[in-house]
Amino acid sequence: MQDLWPFVFIAIAGWLATDLWRWLGVLAGNRLREDSEAFYWVRAVATALVMAVTAKLVVFPTGALEASPLWMRLGAAGLGFAAFLVSGQRVAVGVAVSLILLAAGLYAIGI
């Protein structure tokens, strides 16, 4: 039983660090108006965090994507973003274009 205490501690600490704050965010978020400055700030921070993770994955990938050249990853991401804008901000179009370009590029260079 004593060997399980580190895992119990990790589970409790992980829950407190994530779920508690998520529930507090839900409770506070229900009271925000969509046109308030606080809501715009929260949306901006959330978007910045998602983009930071995306940029990290593009510039410093791990796994199979690590073998692809940087110019190919940046080009696929940039053209995918352009397709997203041209298509009227449809996320599926931007993601599909990026994936197709990256897959075609990897196939062309033999990876």
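The model is predicted, so local features are given only at pLDDT of at least 70 and side-chain atom pairs only at pLDDT 80 or more, while totals for chains, interfaces and linings use all residues. Residues are numbered from 1 along each chain as its sequence is written, and side-chain values use heavy atoms, with hydrogens and water left out. In brief, the protein has four helices and zero strands, two salt bridges, one aromatic pair and a largest pocket of about 740 Å³.

**Overall fold**

- Along the sequence the pattern reads α-α-α-α, where helices (H or I, at least four residues) and strands (E, at least two) are DSSP runs numbered from the N terminus.
- With a radius of gyration of 20 Å, well over the 13 Å that the globule rule gives for 111 residues, the protein is more spread out than a compact globule. That radius is taken over C-alpha atoms, and the globule rule is 2.2 Å times the number of residues to the power 0.38.
- Taken along the principal axes, the C-alpha atoms fill a box of roughly 55 × 50 × 20 Å.
- Of the 111 residues, 14% count as buried. Here buried means under 20% relative accessible area, exposed means over 50%, and partly exposed lies in between (1.4 Å probe, protein chains only).

**Salt bridges**

- Side chains of opposite charge can pair when their charged atoms come close. The rule used here asks for a side-chain nitrogen of Lys or Arg within 4 Å of a carboxyl oxygen of Asp or Glu.
- One of the two salt bridges joins Asp-19 to Arg-22, with the closest N and O atoms 3.7 Å apart. Both residues sit in helix H1 (residues 5-29), three residues apart, about one turn of the helix.
- Asp-19 is partly exposed at 26% relative accessibility, whereas Arg-22 is exposed at 57%.
- Arg-33 and Asp-35 form a salt bridge at 3.2 Å, N to O, and Arg-33 is exposed at 56% relative accessibility.

**Aromatic pair**

- Rings of Phe, Tyr and Trp (its six-membered ring) pair if their centres lie within 6.5 Å; planes under 30 degrees apart count as stacked, over 60 as edge-to-face and the rest as tilted.
- The count by this rule is one pair. Phe-81 and Phe-84 make up a stacked pair, 6.0 Å from centre to centre with 25° between the planes.
- Both Phe-81 and Phe-84 belong to helix H3 (residues 70-86), three residues apart, about one turn of the helix.

**Largest pocket**

- On a 1 Å grid over the protein atoms alone, a pocket is an open set of points where a 1.4 Å probe fits, with protein on both sides within 12 Å along at least five of seven lines; lining residues have an atom within 4 Å of a point. Grid points are joined across faces, edges and corners, and a volume is the space filled by probe spheres set on the points.
- The lining of the largest pocket has 21 residues, and Thr-54, Val-58, Ala-77, Val-95 and Ser-98 lie nearest the centre.
- Helix H2 (37-59), H3 and helix H4 (91-109) each supply at least two lining residues.
- By type, the lining divides into 16 nonpolar, four polar and one charged. Nonpolar covers Ala, Val, Leu, Ile, Met, Phe, Trp, Tyr, Cys and Pro; charged covers Asp, Glu, Lys and Arg; the others, Gly among them, count as polar.
- Ala-77 is in helix H3 and is partly exposed at 32% relative accessibility. Ala-77 and Ala-55 are 22 residues apart in sequence and 9.4 Å apart in space, C-alpha to C-alpha.
- Ser-98 lies in helix H4 and counts as buried at 18% relative accessibility.

**Other residues to look at**

- Phe-60 sits in the loop between H2 and H3 and is exposed at 59% relative accessibility.
- Gln-89 is in the loop between H3 and H4, exposed at 54% relative accessibility. Its phi is near 60°, a positive value in a residue other than glycine. Most residues other than glycine have a negative phi.
- Ala-92 belongs to helix H4 and is exposed, with a relative accessible area of 60%.
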